[in-house]
Amino acid sequence: MEKVNVGVIGCGNISEKYLENLCGIFSQTQVIAVTDIKEEAAKLRAEQFHIPRVCKSSEELLAIPEIDIVVVLTQPGQHAQICEQALLAGKHTYVEKPLALNTEDGRRLVELAARQNKMLTSAPDTVLGSGIQTARKLIDEGWIGRPFGAISHILTGGPESWHPNPAFLYHKGAGPLYDVAPYYVAGLTYLLGPVESVMCSAKKVHAERTITSEPLYGTKIQVEVPTYLAGILTMENGVVATIHHSFDVDATRMDDSVEIYGTEGTLVIPTPCGFSGKIHYRRKGNPDWADIPCIFEYKKDMRGIGVADMASAILENRSQRLSAAFGYHTLNVLEALDISAQEGTAQPIASTFERTEAMLLNPGWGDEQRNRG
């Protein structure tokens with residue numbers, strides 16, 4: 001299969017899974033260069049995944065003419081600047097969440113991508129995994145009738161217990177709102193459509209956190225953002241959905257699934273943080289729940305599937321499945337939730353997006369047997 005050349009900027013913790021998939025699973029991508037502000041981190045990933053070139057800077061990587069797609073995996077505060085540089089360099093660009101720290105920068109990137117005639121996609125790409133794709137098929141085929149409501153939540157004790165360098169997750173551009181909620185906002189809007197308005201309440205439970213993971217055990221983190229939030233999303237089609245996220249809950253009996261209610265039934269789908277899981281369905285009037293198998297490919301941790309889709313779009317001369325407008329809408333909703341929590345008022349959402357095509361049951365992008373999980 002013809003391959004698309006990829007360059008990766010940012011070789012931190014999350015890059016390992018991206019590179020594992022882009023170098024070893026997806027047959028249409030090949031990573032030819034990496035870079036990181038810590039050169040040793042880039043060298044480690046290059047050696048680990050047999051990547052031929054380590055660049056000393058993002059500018060050096062962006063100057064490589066053979067690179068078609070740039071994947072930005074830096075900390076959130078750098079996303080907008082590096083994406084702008086990549087687009088100006090004539091590269092299709094995929095960036096980890098969030099697209100930018102604010103909608104003004106996000107809108108500028110979307111407009112720049114359009115002027116440059118380049119694709120721009122923002123994580124999360126979990127909506128392209130088997131779980132959400134199966135849920136979309138069920139909803140589109142009318143299994144629950146007309147959707148009218150949804151409830152979602154993920155409550156955890158915080159990343160300082162497991163992440164090797166978690167401080168940035170408590171700084172501006174992160175916290176549960178920008179680190180966790182993007183998965184749920186993207187998952188809900190991918191299935192149920194654009195958001196019309198939001199309301200949110202949030203608080204900072206602890207002003208300081210202590211790292212209990214290695215290698216920074218005992219280090220103190222100053223918390224800059226709220227760590228407990230509850231939000232309401234009102235969709236353009238009238239569906240009312242809730243999100244409930246925290247880094248402060250040590251124990252809960254709630255799982256991380258999402259319940260979607262329709263006029264003819266209820267669908268319980270896996271967490272949008274992952275690519276698969278259990279789906280439960282109960283038809284109106286039927287006392288029994290049924291388990292529905294996830295029937296699409298890519299059930300394991302397939303971070304980078306959005307990059308693979310972008311590469312496939314280049315080879316097939318089509319649009320990517322995760323549009324720039326979709327990523328920008330997610331950012332718009334997140335910022336509006338943030339403003340609502342600060343001001344205590346409902347916030348309208350100015351952006352929208354057009355629904356893109358669903359995944360194929362078997363897109364033929366690589367070794368499918370390795371991803372059936």
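This briefing covers cysteines, cavities, backbone geometry and a surface patch in a predicted model.

Local features need pLDDT of at least 70 and side-chain atom pairs count only at pLDDT 80 or more, while totals for chains, interfaces and linings use all residues. Residues are numbered from 1 along each chain as its sequence is written, and side-chain values use heavy atoms, with hydrogens and water left out. The whole structure has zero disulfides. There are four cavities of 30 Å³ or more.

**Cysteines**

- A search of the whole structure returns zero disulfides, a disulfide being a pair of cysteine sulfur atoms within 2.5 Å.
- For Cys55, the closest cysteine sulfur is that of Cys11, at 9.9 Å, which is too far for a bond.
- Cys55 is buried, at 1% relative accessible area.
- For Cys83, the closest cysteine sulfur is again in Cys11, at 16 Å, so the gap is too far for a bond.
- Cys83 is buried as well, with a relative accessible area of 0%.
- Buried means under 20% relative accessible area, exposed over 50%, and partly exposed in between (1.4 Å probe, protein chains only).

**Cavities**

- The structure contains four cavities of 30 Å³ or more.
- A cavity is a set of points, on a 1 Å grid over the protein atoms alone, where a 1.4 Å probe fits but cannot get out; lining residues have an atom within 4 Å of a point.
- The largest cavity holds about 60 Å³ of space; a volume is the space filled by probe spheres set on the points, and grid points are joined across faces, edges and corners.
- Residues that line the largest cavity include Arg136, Thr189 and Tyr190.
- Its lining also includes Arg321, Leu322, Ser323 and Phe326, along with Phe353, Glu354, Arg355 and Thr356.

- Pro124 sits in the loop between β6 (120–122) and α6 (130–140).
- Pro215 sits in the loop between β10 (208–210) and β11 (220–222).
- Helices (H or I, at least four residues) and strands (E, at least two) are DSSP runs, numbered from the N terminus.

**Positive phi outside glycine**

- His50 has phi near 55°, a positive value in a residue other than glycine.
- His50 lies in the loop between α2 (39–49) and β3 (53–55), and is exposed at 71% relative accessibility.
- Asn117 also has a positive phi, near 55°, and is a residue other than glycine.
- Asn117 lies in the loop between α5 (103–116) and β6, and is exposed at 66% relative accessible area.

**Surface patch and a distant pair**

- Met199, Ile232 and Val240 make a nonpolar surface patch of about 250 Å².
- Patch residues have over 30% relative accessible area and no salt bridge; like charges are joined within 9 Å, and nonpolar side chains (Val, Leu, Ile, Met, Phe, Trp, Tyr) within 5 Å.
- A salt bridge is a side-chain nitrogen of Lys or Arg within 4 Å of a carboxyl oxygen of Asp or Glu.
- Accessible areas come from the Shrake-Rupley method with a 1.4 Å probe; for residues, only the protein chains shown count as cover.
- Ile232 lies in strand β12 (residues 228–235) and is partly exposed, at 39%.
- Lys284 is in the loop between β16 (279–283) and β17 (290–292), and is exposed at 60%.
- The C-alpha atoms of Lys284 and Ser58 are separated by 55 Å, with the two residues 226 apart along the chain.

Definitions and conventions
1 Å grid on protein atoms, 1.4 Å probe; cavity = no way out; pocket = protein on both sides within 12 Å on 5 of 7 lines; lining within 4 Å.
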